Amino acid sequence: MKWLLEFWRSSIGGKVTMAVTGLLLFLFVLMHMLGNLQFLAGPATINAYAEFLHSKPALLWVARIGLLVIFAVHVRTGIRLATQNKAARPVGYAVDATLRADWASKSMLLTGLTTLAFVVYHLAHFTLGWVHSRDHNSNNVHAMMKHSFGHPGIAIVYVAAQVLLFFHLRHGIRSLAQTLGLNHGRYTPMVAILSLLLAAAIAGGNILITLSVLLGIV
Amino acid sequence: MKVTLNIWRQSKASTKADFRQDGKLVRYQLDHVSPDMSFLEMLDVLNEQLTQQGEEPVAFDHDCREGICGSCGVAIDGVPHGPERGTTACQLHMRSFQDGAVITVEPWRAAAFPVLKDLVVDRSAFDRVVQAGAFISVNTGAPQDANAIPVPKADADRAFDAATCIGCGACVAACKNASAMLFVGAKVSHFVHLPQGRVERDQRARNLVAAMDREGFGNCTNQYECEAACPKEIPVRVIAELNREFVRAKVREEPVVDKGRGGDG
């Protein structure tokens, strides 16, 4: 345990922690998006999927607690690294130049914290029913999604969160490969393209679901 | 050509404990600058002018002026070593600027590199990182035959890519987080591809990262500003290698209590 804590406290240990937890969270949001696409197939399909997930309570709770721990470690480590990075440059440049970095890479803290806020809202909305509780109905997921995304205000929040998540994943996926030591003349450019495509697929798939309701297609 | 300079002037040295900035940007006008002058020669002209006017000349670091010693280094319009790729400030020429240009010159900005005076920073943090293990422990004596240990050409090239590092600190200066991982990665990569360097690879990776963390450098966020600013164009591949080497070394670390030897992790 002491060894693990020491590793985590080091600069590279912190980065590797971000990469590993980031990879797991990426796999989760990918599965989450693919699972939810079943919404487009109609009430029977998505409701059966929801019932299937709820039919294995032991597995569901292991997954939930596991995700919560991974998410907490990712956030906690990210905040520590960001705090150290701010402290490493107490006085900035009068002329601030950027050579290679893009908005996605420079805004990881911002897009990460907005994603955190969104996840809290999203859980309060669909899982716990604390907000918009009139729409809450865990027995009919299809109806719940349809009612919620029919409100333009809710739909806009969901779409905006996905746009920010796109930028977070766009830098996150290519970045975790480098942090885990994968850098190769042939594969690194492929990872960069893959990073863009996967981020776009995840955000795009989720936005598709939201807009299909808002625009009255489903 | 004419140039207007905004130069950081600071008389009192900053320290890691006291990073308060008591300096400011001061404007200077130079009317007769040759486009063939190097950036440092242009600063020499400014200093001559200042000396004649009885003012304190601008302090800046320099030594070889041929791009190989790593002494010089200032942020020119926010870019370490200025606008030319793969070029140190001493090898940058005034023809790279427009006539009438307004140029802002600042020291490296990092907590690990306190400003000593004007444009001069204390880079001894790099020396302490190197002392932590960026070398090979060998017995002195007669050199052995050059071909006694064969090294594949591809490995020698990878090691040499990293060995071109001149330790100027531009990577730290360019990094959005003032991280030194390109420098430390270069030191690790320099040795790990060679059979002589591989002997101490585990302790080197652990000790260099520990030394780097102690100096208060930031953490890499893979934005690759360092690679873009490096006058020797050292690739960020060395950072991936550093990450790999450090994880490998930590996993392989024996659970023994390090009695008084210190420095390890």
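Reader: Which residue of chain A forms a salt bridge with E227(B)?
Author: In this predicted model, E227(B) pairs with R100(A), and their closest N and O atoms are 2.9 Å apart; a salt bridge here is a side-chain nitrogen of Lys or Arg within 4 Å of a carboxyl oxygen of Asp or Glu. Residues are numbered from 1 along each chain as its sequence is written, and chains are lettered from A in the order in which they are written. The model's local features need pLDDT of at least 70, side-chain atom pairs count only at pLDDT 80 or more, and totals for chains, interfaces and linings use all residues, while side-chain values use heavy atoms, with hydrogens and water left out.

Reader: How many salt bridges are there between chain B and chain A?
Author: The count between the two chains is 2 salt bridges.

Reader: And what area is buried between chain B and chain A?
Author: About 3,600 Å² is buried between them, with carbon and sulfur atoms giving 53% of that, where buried area is the accessible area (1.4 Å probe) that two parts lose on being put together, summed over both.

Reader: Switching topic, how is chain B divided into domains?
Author: Chain B has domain 1 (3-112) and domain 2 (123-137 + 150-252), with bounds that come from an automatic or database domain assignment.

Reader: What do domain 1 and domain 2 of chain B bury between them?
Author: The two domains of chain B bury about 1,400 Å², 54% of it on carbon and sulfur atoms. Of the area that domain 1 buries against domain 2, R85(B), W108(B) and A112(B) supply 32%, more than any other three residues.

Reader: Which residue forms a salt bridge with R123(B)?
Author: That is D61(B), with the closest N and O atoms 3.3 Å apart.
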